[in-house]
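The following exercises concern the structure shown below. Each task is followed by a worked solution.

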Amino acid sequence: MTLVKQLVQRAIHGNKVVIFSKTWCPYCHRAKAILQEAREPALAIELNKEERGADIQAYLAHTTGQSTVPNIFIGGKHVGGCSDLEDLESSGQLQALLANAKAGNNGSSSQQQQQQ
Ligand SMILES: N[C@@H](CCC(=O)N[C@@H](CS)C(=O)NCC(=O)O)C(=O)O
């Protein structure tokens with residue numbers, strides 16, 4: 001397994017919410033704000049600050065089909081970018097997704113489902 005693949009896989013499977021981001025990106029700021037409003041701490045990996053940032057972005061493009069940031073994962077599962085997060089939020093699905101997701105899996109086998 002390459003270093004970049006390992007880094008990405010560890011991040012998305014070891015943290016409930018991960019945002020691959022760039023510090024100057026307004027869509028990333030908006031996505032972080034949505035998660036803050038949902039009181040969900042997220043790991044932000046700022047690709048413009050990471051030594052292997054460009055390689056990580058290329059790996060994400062290859063594996064998710066998405067080459068832009070933010071590139072968001074919840075419960076180890078790719079959910080998309082800022083507009084996808086906004087759609088989940090406005091349709092009311094975000095809270096359920098966050099409640100069902102656990103760090104380390106996609107929540108599908110979670111016994112701790114919470115109704116909100
Ligand atoms: N529709 C996307 C827009 C994201 C976007 O355009 N991000 C810009 C940065 S603000 C980007 O990734 N540009 C290419 C790059 O930085 O490599 C979303 O909602 O996430």
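For the classification used in Exercise 1, Ala, Val, Leu, Ile, Met, Phe, Trp, Tyr, Cys and Pro count as nonpolar, Asp, Glu, Lys and Arg as charged, and the others, Gly among them, as polar. The model is a predicted one.

**Exercise 1.** Determine which residues surround the ligand and how they divide by class.

*Solution.* Step one is to list the shell: Lys22, Cys25, Pro26, Tyr27, Thr68, Val69, Pro70, Gly81, Cys82 and Ser83. Step two is to sort these residues, which gives six nonpolar, three polar and one charged. Step three is to locate the helices involved: α2 and α4 (82-90) each contribute at least two residues to the shell.

**Exercise 2.** Describe the side chains of β3 and its pairing with β4.

*Solution.* In a regular strand, side chains alternate between the two faces of the sheet. In β3 (residues 71-74), Asn71 and Phe73 point one way, Ile72 and Ile74 the other, and all are buried. Strand β4 (residues 77-80) pairs antiparallel with β3 over three bridges, and Phe73 stands opposite His78. The two strands form a hairpin with two residues between them, where Gly75 has a positive phi of about 60°.

Key. Residues numbered from 1 in each chain as written. Predicted model: local features only at pLDDT ≥ 70, side-chain atom pairs only at ≥ 80, totals over all residues. Near = placed C-beta within 6 Å. Helix = DSSP H or I, 4+ residues; strand = E, 2+ residues; numbered from the N terminus. Buried ≥ 20, exposed ≤ 12 C-beta atoms within 10 Å, placed from the backbone. Pairing = 2+ DSSP bridges.
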